[in-house]
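Dear colleague,

Here is the structure I promised to pass on to you, and below it you will find my notes on what turned up in it. Please keep the two side by side as you read.

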Amino acid sequence: MPEDPRIEAFLEKSQEAGIPHASLVGILAAYGWREKDVYRALGDHYRKVTGIEIPLRSGTGASAKDAFFYLLIFSTLATWTIGLGSLAFQLIDRWLADPLFSLYQDRFANYEITWALAALIVAFPLYLLVTRTVLHEAAADPYKLDSSIRKWLTYMALVVAASIFMGDLICALAFLLRGELTSRFVAKSLVVLALSGGVFFYYFGGLRKIDALRTGQSRDKLMAAVSSAAVALMIALGFWQLGAPSGQRQMRADGQRVQELYQLSMQVENYWKSHPSQLPSSINELRGGSHMDPITHTPYEYRPGAGSSYELCAVFARPSQQDPANPAADSWNHPAGQHCFQLDAATMTQYPAQTIF
């Protein structure tokens, strides 16, 4: 039955008057009626005239499989675009270093880069694979692109893209207001505009794909090629900055060595305070903390000196990352190989800037 009996009554009188179907649909659409309701009323009218039920086409409407595919597409889209933007931000922070912000950013840079690379490597190929599957099915049945669930999820993706655009732009602007270099702000803003603009261009235009399916296919190939090239370039730059996983393991081991030496220095200071201006004679007199290298399991070397001075020594796999603007800012900087830190039990030891993640 039609949604409103007035449409049926109007169609019956119009058919008796011989008004063409196209004119009827145009007239009713001009008065605010949906074409779907008008055609449904026409179907009901001819069903009554002919006495034959209208056959339903199998496979019409949105299926659970379609919902799964589109949800997977937009979830992976959000994952890899956020990862790409985060990786671009970290590279910009390294290439356009600001000495006023480098201390905080250097501590978290490798952590952010590894998460961004992992998101790109996992989410982007899955996004391309599922999108290719959906487009192949749409080529066989173009009306699948007109499903309501696709439109709803597409508009949700556009809302998410707009929210990410505003959030990243607000973040970049906040750093600008805090005194960050203008060049960094401009570069980050361009990254946000490129990502959000690409998502809007592709998906907002894709809502009208049934009207231009042939041009849409070339558009799909163009966007796939551009996004694949951008992701491949950013992954290569990320690994170039980050290094191999074995190198990251060495850096993590060195960071743990520095942390454990710092804990031992705290124990030495406590011993100096609890014993009247006296240093422990050996590392075995210290309580708490690790006394051995986490990888080689060889004991750290402790050398008491004159007065309150002493040394803590370890073997490091790589030289520590130093702030180029202020290389002497961290007293725990070290070269590769055997290195001894000159410390003083009577003064508070500086906390190492090398943070383990």
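Glycine 18 follows helix α1 and has a positive phi, near 80°. Please bear in mind that this is a predicted model.

Within α1, the residues Ile7, Glu8, Leu11 and Ser14 are buried, and because they cover an arc of only 130° around the axis, they lie on the same side of the helix. An α-helix has 3.6 residues a turn, so residues three or four places apart point the same way. The buried residues of α1 pack against α2 (21-30) and α3 (35-50), whereas Pro5, Arg6, Lys13 and Glu16, on the other side of α1, are exposed.

Serine 14 deserves a separate look: its relative accessible area is 4%, and as buried means under 20%, serine 14 counts as buried. A polar atom of the serine 14 side chain lies 2.7 Å from the backbone oxygen of phenylalanine 10, and, leaving aside residues up to four places away in sequence, serine 14 touches Ile19 and Leu24.

Cysteine 313 lies in strand β2 (residues 309-316) and cysteine 340 in strand β3 (residues 337-344), so the pair ties together parts that are 27 residues apart in sequence. The torsion about the S-S bond is about 110°, so this disulfide is right-handed, and both cysteine 313 and cysteine 340 are buried.

Definitions and conventions: Residues numbered from 1 in each chain as written. Predicted model: local features only at pLDDT ≥ 70, side-chain atom pairs only at ≥ 80, totals over all residues. Heavy atoms only, no water. Disulfide = S-S within 2.5 Å. Helix = DSSP H or I, 4+ residues; strand = E, 2+ residues; numbered from the N terminus. Buried < 20%, exposed > 50% of the residue type's maximum accessible area, 1.4 Å probe, protein only. Polar contact = N/O pair within 3.5 Å; in protein donor to acceptor, adjacent residues only side chain to side chain. Contact = heavy atoms within 4.5 Å. Arc of directions from axis to C-beta.
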